[in-house]
Amino acid sequence: MGMLDHWQPVVRSHNLSRRPIGVRVADTLIAVFRTASGEVGALSDVCPHRRLKLSVGCVVGDRLQCRYHGWTFDTAGRGESPATPKMMACTTSYDVREAHGLVWIKSRTSDPPFPTITASGFLPVAILEHTIPAPLELVVDNFNEIEHSGTVHKTFGYDLDRLSEVKVQIEATADSVHVVNSGPTKRLNWLYHLLLGVRRGDIFHDHWTTRFSPVYSVFDHWWTSPDGTRESMVRWRIYIFFVPQDAKSTRIFTLAFAQSRYPVGPGGGLRLAGWWLRREIDREIRADIAMLDHMADYSTHIEGLKLSRFDKVLGLTRERIARIYRGQSASWRTIA
Ligand code: FES
Ligand SMILES: [Fe+2]
């Protein structure tokens, strides 16, 4: 399996209307377009004629037309040249699916399972996308480590002065890494305390699982009283899909769901407060991006780093990204 062999999100469905969108996945340029009948196609974004980007062309009926000389391509990549009608001009096409508000693609030759997204009992509150100027591994490192919540985040996380009390349990299987953290919540601002139903001294629970075909993590966050008898009024589940554009940048797609126990309005008030959660999740991701924007070194090697007990997952995720997502053989990884 190579990087393009996994189902991975490339654009938000609602952003894809009649204008094609050019994306980059694992150094490959891909043009995504929606035909007049609503079908979504994904083709190599390099016109086989003279290499103009097909994504700067336009949709004509059920075909994508190159802006340079007007050749057109259907969603299977079958091309037609107005000037040379008998010429065969096929280009690479990709499998496409629309699900969960996103357009997903993969190569035509692979057959991986589509990622399972489960959020029964939760209300969808946000679909977000961000570009991060860092390689895949460093972006995954950031989202798979909670130590920085003491300093970087405002809406959730652990008290910096009591980080030593936070419990970290890691369970790894051949294709997943599961982490369970619990410990004293950091102090949130008074409004968050009030809205989330969190009291000072409560325990913040942070459970996540990372999988690698495609690379994504699912996080569950909630609070309880120290004796476990009282739970916060709101909890959330957040899926983050990590899609490398190239060796230096990564796009992430976030699907956020929340659950409220408030006995008010539809969804426990979440339909009304959804915009607030959406804004907060976006702000927290931008806070992560601000850190990744200021790394002194974008090397993905971890040798020589002084890793903390929170960083034990770094080696586990790297091995699985290399083996499962990148499809690198064990011997290659040893040499690398
Ligand atoms: S470059 Fe696309 S039709 Fe000529
Ligand atoms: Fe973070």
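**Notebook: Arg51 and onwards**

I started at Arg51, which is exposed, with 12 other C-beta atoms within 10 Å. My cut-offs: buried takes 20 or more other C-beta atoms within 10 Å of a residue's own, exposed 12 or fewer, and partly exposed is in between, with C-beta atoms placed from the backbone. This is a predicted model, where local features need pLDDT of at least 70, side-chain atom pairs count only at pLDDT 80 or more, and totals for chains, interfaces and linings use all residues. Residues are numbered from 1 along each chain as its sequence is written, while chains are lettered from A and ligands numbered from 1 in the order in which they are written.

Arg51 sits in the loop between strand S4 (40-44) and S5. Helices (H or I, at least four residues) and strands (E, at least two) are DSSP runs, numbered from the N terminus. Phi of Arg51 is near 70°, a positive value in a residue other than glycine. I noted Ala26 too, with phi near 50°, again positive in a residue other than glycine. Ala26 is in the loop between S2 and strand S3 (28-34), and is partly exposed, with 19 other C-beta atoms within 10 Å. As a reminder to myself, most residues other than glycine have a negative phi, and most peptide bonds are trans. On the peptide side, I found a cis bond joining Ser213 and Pro214, with omega about 0°. Pro214 is in the loop between S14 and S15.

**Entry 2, the sheet of 7 strands.** What is the strand order in the open sheet of 7 strands? I read S11-S17-S16-S15-S14-S13-S12, with antiparallel pairing; two strands pair if DSSP finds at least two bridges between them. Strand S11 (123-132) and strand S12 (167-173) are at the edges with a single partner strand each, so one side of each has no neighbour in the sheet. Neighbouring strands here are turned by 15° against each other on average, direction ignored. Axes are lines fitted to C-alpha atoms (for helices over the stretch in contact), and angles run from 0 to 180 degrees between N-to-C directions.

I then went along S15 (residues 215-224), which is mostly covered, with 8 of its 10 residues buried. Strand S14 (residues 203-212) pairs with S15 in the antiparallel sense over 10 bridges, and a hairpin of 2 residues joins S14 to S15. His205 stands opposite Trp222 in S15, and Arg211 has Tyr216 in S15 as its bridge partner. S15 and S16 also pair antiparallel, over 6 bridges; the bridge partner of Val218 is Tyr239 in S16.

Helix H3 (residues 270-292) lies across S11, S16 and S17, at about 25° to S11.

Gly201 lies in the loop between helix H2 (190-196) and S14. Gly201 is exposed, with 12 other C-beta atoms within 10 Å. Leaving aside neighbours within four places in sequence, Gly201 is in contact with Pro184 and Pro226; contact means C-beta atoms, placed from the backbone, within 7 Å. The C-alpha atoms of Gly201 and Ser225 are separated by 7.6 Å, though the two are 24 residues apart along the chain.

**Entry 4, the sheet of 4 strands.** I traced an open sheet in the order S5-S6-S7-S8, with antiparallel pairing. Strand S5 (58-60) and strand S8 (79-80) are its edges, each with a single partner strand, so one side of each is left without a neighbour in the sheet. S5 and strand S6 (residues 63-65) are joined by 3 bridges, and Val60 stands opposite Arg63 in S6.

The contact takes 13 residues from domain 1 and 12 residues from domain 2.

Which residues have the most contacts inside the largest nonpolar core? I got Ile30, Val32, Phe242 and Ala256, in a core of 72 residues. A nonpolar core is a set of buried Ala, Val, Leu, Ile, Met, Phe, Trp, Tyr and Cys residues joined through C-beta atoms within 7 Å. Strand S16 (residues 234-244) gives the largest share, 8 residues. The core draws at least three residues from each of domain 1 and domain 2. Beyond its neighbours within four places in sequence, Val32 has contacts including Val10, Leu16, Ile21 and Val103.

How values were computed: Domains from an automatic or database assignment. Contact = placed C-beta atoms within 7 Å.
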